[in-house]
Amino acid sequence: MGGRFFSLLERNSSTAHTHRRVRRRQPRLYRCLSLPDILTTILFLLVNGLVWGLIVALIAIGLSLIFGVMGIVNMAHGDIYMAGAVLSFYVTGILGNFWLSLILVPAVVLLVSAPMERFVLRPYEGHHSSTMIATVGISFIIQQIVLGTYGGIPKKITNPWPISFNFLGVDYPGYRFLVACISVLILVGLWLFLYRTSYGILVRASMQDREMAGAMGIDVSKVLITTFVIGSVLAALGGVLAAPINQVFYLMGNDVILLSFIVVIIGGLGSLKGTLIAALSLCSVEGVLASVLSPVQARAAIFIVMIIVLIRRPRGLFTE
Amino acid sequence: MTDRLEPEMNKRSEKPTERRETPKYLVLLFLLLLLVMGMVLPKGVRSLVTHMMIFCILAMGYDVCFGLTNQCSLGHAVFFGGGAYGVVLSMLHLKVGILPAIFFSLGAGFILAVIMGLICVRLSEAHFVIITAIFFAVFHLFAMDLTWLTGGDDGLSLKLPSISLGSVTFSLYDPMVNYYFVLIFLSVSYLILNRMARSPMGKIFVSIRENEKRLQFLGYDVFRYKLIAFIVSGLFSALSGGLYALTLRYGSADLFSFHWSIMPIVWCLIGGIGTLAGPWIGVVIMSLFQYYVSAWWTYYLILFGIIILLILRISRKGILGYLISRRFT
């Protein structure tokens, strides 16, 4: 039983590397299981999708926050996620402890992203298409630097917490529960920062009306840097958490950026609550669908959901 | 967000009417030069120039969307790949000749552009950019996955029938014929697009770029004109994709890759957006850059990223835009 489910885990994340590899289609689930088995399987996949959804929510909320405050359509966001995963690979390799990367990687990303926002991205802000093109350029630079230093071969980080819980008769890897807990903690921390601290008020004020915020004496430049750093750190943390689950690969960001853009569009650009809800629901739906369909077909189903949402509510489901 | 940009926009339109039209005789001279060069050039360079001319069509097509109506799309790889597969699949399965196959590629581009345009064009700038990018990514995934249809990464190769016009027959296997075949399409596309840009409709396109809100107040149906520009742009991108597949005698899922979405933007930005022929300069520069630098350094995409950042920073007018603005002021 356990073996089959672990192969399911692999499959859920296999869309990441369609770029240069031919995938083998796996046997469909419903042919080889009885009804109670199917129910547990669906529950299992749902939980699995939710865990992945929490990671995607971290990334997509960063994207949404950056867009909302500074008007940057950040195409390099997926590559920051990838950089987080790669850095955690190095931290694990050199220091021998995966958990240190949860502290070290955000520090590195902070040191890189703050000057990046101030000196590279600042002139383009506000013009959506310019920021998009500029961040594509940054994305190329990050990808190629990683390709040059880390190499083009997907590598795996060994599971840092190889314990499995028995969850409704199914062995569930403990690391994923831990990932879910950490993600929820980070999200709660973000919420507390935005809604319960005075600096969060400044960020939200700049999100509503940047010019007015500046006129009220808020140091908008500092707020912009903070926001960009927070968004990037969220993406990098997502990468760190996902590194033992997915393979670490220099193009792994492309899959995630696609998913988080879909999430952000459905949830509503710049709406954090909508992004969170959309990430969780879409990822669990995709997780369940991936048991019946191939990963690409599941992705296509979500794409069609997005188009229907766009036709009915062009500004997303959760915008005021 | 748009309100904040408003003062800037007004400033731009207050300047004495900004000319972005290329002097026609220069372009005709350039086409004539290409005509002569076909006979003189050595073989390797000629094939490079053939590729450049195909990219020129893509760049011009993209310029209709980006330069004339200011819709920055990341989805043109879909049209490029769709056009290429229009040629490949119609020739493989329907056994049609080369010219009908090009109509198939135009048809594919038209259908894709209409579907994508109806969904994306009415949305705001940020939505437009993101959703065209999502379209591109999903189509790329599909092209990779549906190997029975597209051949995936390995691709499908073609056998070209010869073209017969009356009593004369040509074979595209002859690189010289291929060169002139592409040149004819390039000239015709330029003439059509140039005519369109100078027509009243082209003026409306430019007005959409300069001040969309004012045009709405004047009573124009902005959505319709933006959609038309998007579809025209998709058609020419598809034509370019079809010609590329014919020249390579091959089509693979790689024709849907991000390269074909980002390159047109870079070509247009370097050459000068909204000038139609300006992107040709961008094509030549970037093709030479890729040809030589990629041979010299594996990670040349780093330089490519830096170039993108620099062009955006220095000027969005591009080389030709700069030259024209110098000449007329």
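Are α3(B) and α11(B) roughly parallel or roughly antiparallel to each other? This predicted model gives a clear angle to work from. Helix α3 (residues 43–68) of chain B packs against helix α11 (residues 222–248) of chain B at about 170 degrees. Angles over 145 degrees count as roughly antiparallel, and α3(B) and α11(B) are therefore roughly antiparallel to each other.

**Helix pair in chain B**

- The axes of α3(B) and α11(B) lie 8 Å apart.
- The crossing of α3(B) past α11(B) is left-handed.
- On the α3(B) side, the contact residues include T50(B), H51(B), I54(B), I57(B), L58(B) and M60(B).
- On the α11(B) side, they include A229(B), F230(B), V232(B), F236(B), L239(B) and L243(B).
- By class, the residues of this contact are 15 nonpolar, 7 polar and no charged.

**Contact between chains A and B**

- Chain A gives 38 residues to the contact, and chain B gives 34.
- In chain A, α5 (128–149), α10 (252–267) and α12 (295–312) each supply at least two residues of the side that touches chain B.
- The largest share of that side, 15 residues, comes from α5(A).
- The side of chain A that touches chain B holds 27 nonpolar, 9 polar and 2 charged residues.

**Nonpolar core**

- The largest nonpolar core has 193 residues.
- Within this core, V56(A) and I262(A) touch the most other members.
- Leaving out residues up to four places away in sequence, I262(A) touches L282(A), I302(A), F303(A) and M306(A) in chain A, and I134(B) in chain B.

Definitions and conventions
Residues numbered from 1 in each chain as written. Chains lettered and ligands numbered in written order. Predicted model: local features only at pLDDT ≥ 70, side-chain atom pairs only at ≥ 80, totals over all residues. Axes fitted to C-alpha atoms, helices over the stretch in contact; angles between N-to-C directions. Helix = DSSP H or I, 4+ residues; strand = E, 2+ residues; numbered from the N terminus. Parallel < 35°, antiparallel > 145°, perpendicular 65-115°, else oblique. Left-handed = near helix turned anticlockwise from the far one by under 90°. Contact = placed C-beta atoms within 7 Å. Nonpolar A, V, L, I, M, F, W, Y, C, P; charged D, E, K, R; others polar. Core = buried A, V, L, I, M, F, W, Y, C linked by C-beta atoms within 7 Å. Buried ≥ 20, exposed ≤ 12 C-beta atoms within 10 Å, placed from the backbone.
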